[in-house]
There are 2 protein chains.
Amino acid sequence: MKNIDFFFNPSSIAVIGASDKVGSVGYEIMKNLIEDFPGDVYPVNIKQKSIFGKSSYKSILDVPDNIELAVIAIGASFVNDVLEECGKKGVKGAIIVSGGFSEIGEMDREHKLLEISKKYGIRLIGPNCIGIYDNFSGVNTIFLSKDKVTYPQKGKISFLSQSGAFAGLILDWTSKEKIGMSKVVSYGNKVDVNEADLINYLYQDENTKVICLYIEGIRRGKKFMESAKKVSDKVPILALKSGKTKSGAKAASSHTGSLAGEDIIYDSAFKQSHIIRANNFEDLFDMAKALEKQIFPQSDGVAIVTNAGGLGVMAADALELNGLRLANLDKNTINKLKDRFPERVVISNPMDLVGDADKERYEVGLKALLEDKDVGLVIVILLLQVPTLSLDSVDSILKIQKISDKPIIVLGAGGEIISPYLKKLEESGLVVYTSPERAARAAYALVNHAKVRGDIYTERKKDIGICKT
Amino acid sequence: MKNIDFFFNPSSIAVIGASDKVGSVGYEIMKNLIEDFPGDVYPVNIKQKSIFGKSSYKSILDVPDNIELAVIAIGASFVNDVLEECGKKGVKGAIIVSGGFSEIGEMDREHKLLEISKKYGIRLIGPNCIGIYDNFSGVNTIFLSKDKVTYPQKGKISFLSQSGAFAGLILDWTSKEKIGMSKVVSYGNKVDVNEADLINYLYQDENTKVICLYIEGIRRGKKFMESAKKVSDKVPILALKSGKTKSGAKAASSHTGSLAGEDIIYDSAFKQSHIIRANNFEDLFDMAKALEKQIFPQSDGVAIVTNAGGLGVMAADALELNGLRLANLDKNTINKLKDRFPERVVISNPMDLVGDADKERYEVGLKALLEDKDVGLVIVILLLQVPTLSLDSVDSILKIQKISDKPIIVLGAGGEIISPYLKKLEESGLVVYTSPERAARAAYALVNHAKVRGDIYTERKKDIGICKT
């Protein structure tokens, strides 16, 4: 793998097609880069002399300094000439935002692009993409206005998307969901840099602990699978693949020209590469935020503790539907709790602390479960609405989490009064889900990756990575 | 069916076990009733003379006026004696909040309850339940404090729950989700009034347009199925049934003593009764809020219009996975759009208006789809984040909705800036979903109920009501 770090940490950037016309693509890219990127940004525009108060150049060849990264956002018919100039200038990488290539049947134009790229050794992202958002370096070529889109908090999840619009949506959505993001890359027609290159790069990135993919179709399957298998041993990879059905595959072919292929082939390829397949985008990031915490179970037994029996039943269902196993509690665990709990408490798994459970009952129950050797992780269902739990009961859970080396997943939901307390749990480092099914998927991702890492022994490593739901 | 309206619209209520001890069950019930219920509320407490400034009575027999509904929240061992007194008093219905009956193995105590009920002709809800929340009459026996729980806005969705804690959670959660609720009933051990009685009652309730159920196990299956089949022709019934797996069934048996039974039997019973089965509680209310609008498709063809191709692909997948059919657009529809759209627009289904679509392109596309005879409903995917759509573009969709007799489902998601505009769509009468899969489930529910109603012809009516995902 050749290094492509200059896309994410360039010393300088030229924006070819920069503009000060409010609302244009060239305007938004310039504006975002000037605001977010600490390095030098040079506008290039054939007509204008000054953009955002900076001297603008007719050609990248006129820029007096070295340029590592060029962002190209001009009419498709001019792109090849401009790329040639980038080559002469010694640019290392170009993000081609412009559309108008293979996706509308302009195959020759796209082939020419690749030729120039090889001639000069310039690496390309795109064309037909929205490029890169790097929450650490400040590279931001996403041409969505900050008047409409909010950007997510820093985190260790990176997202690679074949669809540009979807990448934009995810940036905005993760900001609201308080999901911490590292790098978001929309790679469009992937004429040069593709999924395999990007996951290989992210493998070495200290700011990436989880990789999420949105895929409509993969061209070089073997290379992708080899990279994914290597990377996923250390950095878990989650994939949302659309075009699963006939209707979806047909739509994908009109959208990105992808040959979606038989879904069963993708399923099998993901399984062999230890990629965890997501059912939808909420599922993708539900799993990602649990994996981001980097605390993995050492046993595949899952325990549930609850003060709402019904939610315990739903969680047990959801775990089994994900192919997970409810932990078998040790006799010692059960015996020591019998003395401490009233008779109506169900000391089993799920452990139903019943509706009048208070903070102390939770503490005792949760600690005992975490000490049980068959328990690899615990789902804590916390119905804070009941009279016997004060809203500050969340502090007890946090206290126990701090001294535990096993993952704890919280399931809690509610209205305007409860929500801030659940948010506090998240901000203090726990993962919180609003439904039993979502909590179970997080557990699935953790157990699955622990098997891939070898933390949990499994005879059939090949079975890892199947989506069971 | 005997009338059970006195539970929901009683002329007067006695609270047996009323208390002014803050945080106790008897306190919360009194407080909620005094605040919400406009009729007479009488506290009954063996020890206290005055509660909430009202004269309190040692026995219901001492209350000087007629009592239609008694709410009983005292120790289980005293409930039968008190119910006997209710009988003598001529009470029509009693909600027995107290636990300590069959769920902990006290079978005799529960049988005795039923005996007294029959002797005096008192109908019973419970025991071991949290009772009734009626958003229209103000009956509120839910003992959750308003310091922690917010109650939902008025609406036409009623929810019947075997689990009390879960009913409480749903009240709080629907308040935040702005889902309009009518009646919420937690019926616990259902010694007398059961699901069948309640759905028969709701069938005639002008404030109920959709019935949602949470079930762990049903005892009198035949009666339930007969009622459900009759009711669902007019009022759609949605059910979330837990205990689907071995782990879940075992947990259900510890929780409500339900014999969950083979899941396939429930699946088949729901199908025969035209009950739509939900996969989880978000799914339950996603479908309910679409059905509540009472606009049903006349064709089972679904159309998608989008400015984000990837989301169109995901929506097409999700529709097919729900057993739905993408509408075949008429040649006329396609021809008339060819003249009006740039070449890059994909005039097909999904219709991809592409990333630079503006308000006018949406208007033209959506109108054409609604005029197509094979299109029964339209999913409008609206990525408001793009530069070419102003946030006020939502008004165009609303304008078209007002003159259309076909259901329109909106899929839109985003951060803090976009969310208020999506909320505006909901407040103006549209249904909005944040993911393709959730929008597709809403479409599924609408098509399914239209088939049951006979609005859409189907050869195999028996196939209705299967959950395909």
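This is a predicted model: local features need pLDDT of at least 70, side-chain atom pairs count only at pLDDT 80 or more; totals for chains, interfaces and linings use all residues.
Local features need pLDDT of at least 70, side-chain atom pairs count only at pLDDT 80 or more, and totals for chains, interfaces and linings use all residues. Residues are numbered from 1 along each chain as its sequence is written, and chains are lettered from A in the order in which they are written.

Chain A superposes on chain B by a rotation of 180° with 0.0 Å of shift along its axis, at RMSD 0.0 Å (least squares on C-alpha atoms of residues with pLDDT of at least 70 in both). The two copies are therefore related as by a two-fold rotation axis. Of the contact residues of chain A, 100% recur in chain B. Contact joins 65 residues of chain A to 65 residues of chain B (C-beta atoms, placed from the backbone, within 7 Å). On the side of chain A that touches chain B, α10(A) gives the largest share, 11 residues.

Strand β12 (residues 237-241) of chain B has 5 of its 5 residues buried (20 or more other C-beta atoms within 10 Å of the residue's own, all placed from the backbone). Strands here are DSSP runs of E of at least two residues, and helices are runs of H or I of at least four, numbered from the N terminus. Pairing requires at least two DSSP bridges.

| Partner of β12(B) | Sense | Bridges |
|---|---|---|
| β11(B), residues 210-215 | parallel | 5 bridges |
| β13(B), residues 276-277 | parallel | 2 bridges |

Leu238(B) is the bridge partner of Cys212(B) and, in β13(B), has Ile276(B) as its bridge partner.

Methods
Two residues are in contact if their C-beta atoms, placed from the backbone, lie within 7 Å. A residue is buried if 20 or more other C-beta atoms lie within 10 Å of its own, exposed if 12 or fewer, and partly exposed in between; C-beta atoms are placed from the backbone.
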